[in-house]
Amino acid sequence: MGGEGRRGREGGREGGCRTWGGSRKRQKGQRKRKRAGHRRGRQGCFVQTFRGLVSDFGFTTCPVRAPGHPAGRAHTREVTRKVKGCAASWEGGAAPGSRARRAPRGRARAGAGGGAGRGRARRPRRRLGSGSARPGLRGAARPGSARRGMDADAQGCVASWWAMVVRNLRSFPHSCSTLGRKIASLYHSFTSKPLKEHIFPPLMNMLIFFNFFKAPFLVDLKKPELKIPHTVNFYIRVEPGVILGIWHTVPSCWGKDAKGKDCGWYEAALHDGNPIIVYLHGSAEHRAAPHRLELVKVLSDGGFHVLSVDYRGFGDSTGKPTEEGLTSDAVCVYEWTKARSGTTPVCLWGHSLGTGVATNAAKVLEEKGFPVDAIILEAPFTNIWVASINYPLLKIYRKLPGFLRTLMDALRKDKIVFPNDENVKCLSSPLLIIHGEDDNTVPLEFGKELYEIAHNAYRNKERVKMVIFPSGFQHNFLCRNPTLLKTVRDFLSKQWA
């Protein structure tokens, strides 16, 4: 009796140890696996999040799965889906690929059947969807299959990304050598020429055209009616990348009829019989400059259509100014106007730098066999080289040794000549030269010299005329002279009679 009780108690202890100890070990193992799942899930989520972000920015961590590759878009959608799943899992408090932690069950109470079941713990039930197969359900995934798939996918992603990094590092020496050759080439091209050849040509280009000075400021060039009445703004495309802004001002007699009209009405008005002037302004500023608007108003009151042109790079016109480019702009505007004017004569009016543009354009049209109806040169020069030497901003440097030679070399490098003295020798169109006595920007002797060259070159001497205005109007304000309009109308009426 005592032996049997002792063996029973020992067996009970052994049985109890086996039952309680095994249950604790199983629970401990489950907790370890859950923690490991948390770690692996977070690692996989980090890798896949990285891949998703990289794909969103247009890069790739795998050369085969580039965003532009046919399979790259499907890969990006898959990564995005996984990243959203990771974010949802994190918000729920569990790592992706891991099961939610459950509270351990407590010990089961002893049954009413006696002490045989005392001290035994009830075995926890397995959940559906926990990753383990229930009896009678075939084909269910094993607990760690999803995590192993994610780990393999993450490892493959990291391996592809690392292979890409290795390839980039291997190509780095070649890239360095290519960059070195480019730097050496630039250095050679810079040191092969004197410093003045790098500085003076762009400097002279800037000083000649002065197109960066877009005064008056804060003017809406698309609304000319705010500055001058019965005027419309429009644009002409000269060539790809070059669009010119133009203001068309009709004669003041059309002022009431022009209110509220569109560009079509203004274009149709060009063949009303009133003469047309294509105004080519000088350097700096744009078509809304005050002294230019004064001249346009005077001509409009005198019964002229006026097309105020901004060359490429001036005002809101696109492109970069060059002598050849400005000449093309003037030719294009003149041909556009002639195509819409019918029998109405069209005159080129150039002021200061615009005189060089006008004679260049007239020479090109003369060579095409379509001479200009008339040319008016206001404050002209013989050529830009001579005019630059006498330019007020450059006069203070004339005594510096080598300055004149450097200046000429820079203009020759930029191909800026505007040779009025050579152009007038090739013209046959009526030519009127007007100049002021007190013009300090382009001295009067330049205008007189140009007139002598043109008078000697023209076969019909009556087609060339020069008018000198008294002092008080300087370089920009000959329009304030009350006799200017009469002088222009009389000359054109005589030539077009």
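The legends below walk through several close-up views of this predicted model.

Residues are numbered from 1 along each chain as its sequence is written, and side-chain values rest on heavy atoms, with hydrogens and water left out. Because the model is predicted, local features need pLDDT of at least 70 and side-chain atom pairs count only at pLDDT 80 or more, while totals for chains, interfaces and linings use all residues.

**View 1. The whole chain, to get our bearings.** The secondary structure comes to 13 helices and eight strands; helices (H or I, at least four residues) and strands (E, at least two) are DSSP runs, numbered from the N terminus. Of the 497 residues in the chain, 41% are buried, where buried means under 20% relative accessible area, exposed over 50%, and partly exposed in between (1.4 Å probe, protein chains only). Among contacts with a separation of 6 or more, 73% join residues 24 or more positions apart; a contact means heavy atoms within 4.5 Å.

**View 2. An open sheet of eight strands.** The strand order is S1-S2-S4-S3-S5-S6-S7-S8, and the pairing is mixed; two strands pair if DSSP finds at least two bridges between them. Strand S1 (231-239) and strand S8 (464-469) stand at the edges with a single partner strand each, so one side of each has no neighbour in the sheet. On average, neighbouring strands are turned by 20 degrees against each other, direction ignored. Axes here are lines fitted to C-alpha atoms, for helices over the stretch in contact, and angles run from 0 to 180 degrees between N-to-C directions.

**View 3. Strands S5 and S6, with histidine 351.** Strand S5 (residues 346-351) and strand S6 (residues 374-378) pair in the parallel sense over five bridges. Look for tryptophan 349, whose bridge partner in S6 is isoleucine 376. Histidine 351 is also found in strand S5, and it is buried, with a relative accessible area of 3%. Leaving aside neighbours within four places in sequence, histidine 351 touches Tyr279, Leu280, His281, Gly282, Glu378, Ala379, His475 and Asn476.

**View 4. Helix H8 across the sheet.** H8 lies across S3, S5 and S6, running at about 145 degrees to S5. The 16 residues of helix H8 (residues 353-368) should span 22 Å at 1.5 Å a residue, and the end C-alpha atoms are 23 Å apart, which agrees; the expected span is 1.5 Å times one less than the number of residues. The buried residues of H8 include Leu353, Val357, Asn360 and Leu365.

View 5. Buried in H13 are Leu484, Thr487, Val488, Phe491, Leu492 and Gln495. Seen down the axis of H13, these buried residues fall within an arc of 115 degrees, so they line one face of the helix; the arc is that of the directions from the helix axis to the C-beta atoms. An α-helix has 3.6 residues a turn, so residues three or four places apart point the same way. The buried residues of H13 pack against H6, S5, S6, strand S7 (431-436) and S8, whereas the face turned away from the buried side carries the exposed residues Lys486 and Lys494.

View 6. Lysine 486 and aspartate 490 meet through their side chains in a salt bridge (2.9 Å, N to O); a salt bridge is a side-chain nitrogen of Lys or Arg within 4 Å of a carboxyl oxygen of Asp or Glu. The two residues are four apart in helix H13 (residues 484-496), and so about one helical turn separates them. Lysine 486 is exposed at 56% relative accessible area, and aspartate 490 is partly exposed at 40%.

View 7. The structure holds eleven salt bridges. One of them joins arginine 340 to glutamate 267, with the closest N and O atoms 2.9 Å apart. Arginine 340 lies in helix H7 (residues 323-341) and glutamate 267 in helix H5 (residues 263-268), so the pair ties together parts 73 residues apart in sequence. Arginine 287 forms a salt bridge with aspartate 316, the closest N and O atoms again being 2.9 Å apart. Arginine 287 is buried at 2% relative accessibility, while aspartate 316 is partly exposed at 26%. Glu239, Arg312 and Asp329 are linked in a network of salt bridges.
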